[in-house]
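I wrote down what I looked up and what came back.

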Amino acid sequence: MRRGHRPGAGTIAAFLTPFFLPFVLFYLVPIGYALWQSFLVVRRSGGQYGTSYTAFGGFEQYVQVFQNDEFWASIGRIGMFGIVQVPVMLFTALVMALLLDSPLLKIKGFFRTTAFMPYAVPGIIAAIMWSYLYSPQLSPVIDLLNDIGLHPDFLGPGAVLWSAANISTWLWTGYNMLIMFSALQSIPQELYEAARIDGAGNWTIAWRIKVPIIAPSIVMTTVFSIIGTLQLYSEPAVLRQISSNISSTYTPNMLAYSVAVGNNYQQAAAISVVIAVITFVLSFGFMRLTSKKAGL
Amino acid sequence: MNRQPSLPQNRVSRTAVMALMFVLALYFLLPLYFLIVAATKPQGDLASTNGLVFSDFQLMDNLHTLFTVNDGIFARWILNTVVYAVLGAAVGTLISALCGYALAKFRFRGREFLFSVILGGVLVPSTALALPLFLLFSKVQLVNTYFAVFLPSIVSPFGVYLARIFANAAVPQELIESARLDGAGEFRTFFSVSFKLMSPALVTIFLFQFVGIWNNFFLPMVMLQKESLFPITLGLFTWNGQTARTPVIQESVIAGSLVSIVPVIIVFILLQRFWRTGLAAGSLK
């Protein structure tokens with residue numbers, strides 16, 4: 001059992017306050033403030049040109065959010081994005097991690113490093129780089145594809161969502177791979193020896209022993225990916241600069257921002273709260289679902 | 001590490017696996033290679049020459065333009081980024097370490113409650129905080145200042161979470177007890193004994209927080225209008241939006257992207273082992 005001593009209350013406070021003061025001011029207060037704002041409405045007395053005043057509106061802002069077609073369209077887009085991009089990215093990361101942990105591969109350091117490198121690149125700069133590779137005027141990739149008779153339009157109405165998804169995949173696969181790889185490295189080797197004596201091959205060891213053991217890491221990467229997907233902003237915002245197929249309300253965060261820019265802060269607050277609640281529900285829901293399945 | 005007698009079928013799968021990994025490596029390297037090539041070209045060659053082949057080598061000219069355009073504002077953006085991301089992560093690491101250490105080593109009422117509040121904070125999407133923070137900050141005239149980005153950036157619940165795990169793992173209780181018996185106060189014990197023991201872990205926390213701030217585009221975008229306060233990301237984003245009107249700026253966007261990511265990539269590769277300890281600790285506990 002962990003022991004610990006009991007210093008005086010003043011000492012404990014001195015250790016905790018430097019973190020908790022900004023945590024309260026810049027985390028908890030804004031959450032509370034957003035909640036409070038989301039229950040307010042701006043009304044006008046005496047017709048359209050009357051003076052405006054703020055009043056308690058109950059769930060009025062939330063009703064508006066749920067009646068907003070743009071909101072549902074943005075949710076639909078990131079829903080599609082998440083259902084495809086997150087599994088593709090995590091499956092690639094898992095396969096890479098298993099291969100890096102297997103005896104089949106050489107020059108592992110090179111592969112690990114190249115995959116992890118994009119993590120050092122901020123989303124905005126990654127999106128700028130890829131937007132050049134998507135641009136019909138500049139892209140060497142499109143030139144190559146033209147040579148073999150393909151004429152893709154990466155910025156077209158059907159493709160642009162997947163072009164954004166590719167940027168996220170490029171950015172985060174290596175990071176997720178490294179989480180899974182670190183977990184694999186901490187499995188004691190004796191476990192494999194025992195399995196080998198029982199006649200298990202690399203394939204069986206990978207999928208029957210390694211994957212179940214690192215399941216908590218896979219759950220964690222999934223939860224972080226869900227959170228990331230719901231916050232999607234940088235990639236579509238950059239692609240919007242070169243593609244007319246991305247509206248100013250393309251993702252929920254873009255919608256919240258454009259509503260706030262239009263000075264409707266209460267509505268923007270309600271959208272932010274809804275995004276945060278969906279994030280919480282999905283993250284916790286996924287954790288619960290997987291821990292039940294694992295019989296915990 | 002892994003030893004196994006090589007079976008004949010192994011050669012086929014070895015080749016297949018190497019081929020697969022090379023294709024993936026190519027995918028990860030492609031945009032960076034393109035950026036390097038593009039940064040060395042004159043603006044006119046960007047569209048007219050093959051993007052994967054070097055043409056006129058004009059990297060120095062492009063860098064000169066990058067650092068002189070708009071009265072050399074790019075250097076200012078670098079400085080701002082250092083303030084937000086490096087200084088912010090350093091302050092953030094220190095306060096996370098103090099808090100995580102106290103949560104690990106001191107016993108007091110409400111300790112677990114405080115820790116679960118922090119854990120909840122890990123799951124709060126940071127972009128959900130930006131808009132309400134903007135409204136609050138505009139009431140106290142903090143919008144459009146360094147503090148608007150710096151202050152929220154120093155808070156990292158994930159950092160406290162890691163600090164608590166690392167303090168438990170790295171600092172033996174006996175050492176703290178003996179320092180106490182020698183008459184050292186809690187702060188002295190922390191800075192002279194525990195801080196040193198935790199220092200590899202603190203590097204990991206610093207790196208995570210640095211990436212968090214370096215990557216957080218939404219907060220500065222919401223908070224800042226003055227170009228002189230922008231971090232690199234917001235500056236390049238703004239320039240990128242102007243390329244339709246002033247195409248010459250395109251070369252500066254490319255050169256600026258290269259200049260800002262190369263040092264970070266080098267540091268990250270050199271510090272790889274710190275990432276792995278952090279990621280392992282974060283996922284297994």
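Entry 1. I started with helix α5 of chain A, residues 123-134, keeping in mind that the model is predicted. I noted twelve residues and a reach of 16 Å from the first C-alpha to the last, close to the 16 Å expected at 1.5 Å a residue. The buried residues include A:Gly123, A:Ile128, A:Trp130, A:Ser131 and A:Tyr134.

Entry 2. Next I looked up the contact between the chains. I found 80 residues of chain A in contact with 72 residues of chain B. Helix α1 of chain A, residues 9-38, supplies the largest share of the chain A side, 16 residues. I sorted the chain A side by residue type and got 55 nonpolar, 21 polar and four charged.

Entry 3. I stayed with α1(A) and checked how it packs on helix α5 of chain B, residues 126-139. The angle is about 85 degrees and the axes are 8 Å apart. With 65 to 115 degrees counted as roughly perpendicular, α1(A) and α5(B) are therefore roughly perpendicular to each other. For the residues that meet, I listed A:Phe26, A:Tyr27, A:Val29, A:Pro30, A:Tyr33, A:Ala34 and A:Gln37 from α1(A). From α5(B) I listed B:Leu129, B:Pro132, B:Leu133, B:Leu135 and B:Leu136. The residues of this contact divide into eleven nonpolar, one polar and no charged.

Entry 4. I asked which residues have the most contacts inside the largest nonpolar core. They are A:Ala97, A:Met180, A:Ile271 and B:Cys99, in a core of 163 residues. Helix α7 of chain A, residues 160-185, gives the most to this core, with 15 residues. I followed up A:Ile271 and left out residues up to four places away in sequence. A:Ile271 touches A:Val65, A:Phe71, A:Pro252, A:Leu255, A:Ala256 and A:Val259.

Entry 5. I moved to helix α9 of chain B, residues 186-215, and picked B:Ile205 in it. B:Ile205 has 27 other C-beta atoms within 10 Å, so it is buried; the cut-off is 20 or more. Leaving aside neighbours within four places in sequence, I found B:Ile205 in contact with B:Thr93, B:Ser96, B:Gly159, B:Leu162 and B:Ala163. I also checked B:Ile205 against B:Phe268, 63 residues apart along the chain, and their C-alpha atoms are separated by 13 Å.

Entry 6. I took B:Arg188, also found in helix α9 of chain B. B:Arg188 is partly exposed, because 13 other C-beta atoms lie within 10 Å. How far apart in space are B:Arg188 and B:Ile254? I got 49 Å, C-alpha to C-alpha, for a separation of 66 residues in sequence.

Entry 7. Last, I looked up positive phi values outside glycine. A:Asn263 has a phi of about 70 degrees and is found in the loop between α12 (252-261) and α13 (265-293) of chain A. A:Asn263 has 9 other C-beta atoms within 10 Å, so it is exposed. B:Asn144 has a positive phi near 65 degrees and is found in the loop between α5 and α6 (146-153) of chain B. With 14 other C-beta atoms within 10 Å, B:Asn144 is partly exposed.

Notes:
Residues are numbered from 1 along each chain as its sequence is written. Chains are lettered from A and ligands numbered from 1 in the order in which they are written. This is a predicted model: local features need pLDDT of at least 70, side-chain atom pairs count only at pLDDT 80 or more; totals for chains, interfaces and linings use all residues. Two residues are in contact if their C-beta atoms, placed from the backbone, lie within 7 Å. Helices (H or I, at least four residues) and strands (E, at least two) are DSSP runs, numbered from the N terminus. Ala, Val, Leu, Ile, Met, Phe, Trp, Tyr, Cys and Pro count as nonpolar, Asp, Glu, Lys and Arg as charged, and the others, Gly among them, as polar. The expected span of a helix is 1.5 Å times one less than its number of residues. A residue is buried if 20 or more other C-beta atoms lie within 10 Å of its own, exposed if 12 or fewer, and partly exposed in between; C-beta atoms are placed from the backbone. A nonpolar core is a set of buried Ala, Val, Leu, Ile, Met, Phe, Trp, Tyr and Cys residues joined through C-beta atoms within 7 Å. Axes are lines fitted to C-alpha atoms, for helices over the stretch in contact, and angles run from 0 to 180 degrees between N-to-C directions. Angles under 35 degrees count as roughly parallel, over 145 as roughly antiparallel, 65 to 115 as roughly perpendicular and the rest as oblique.
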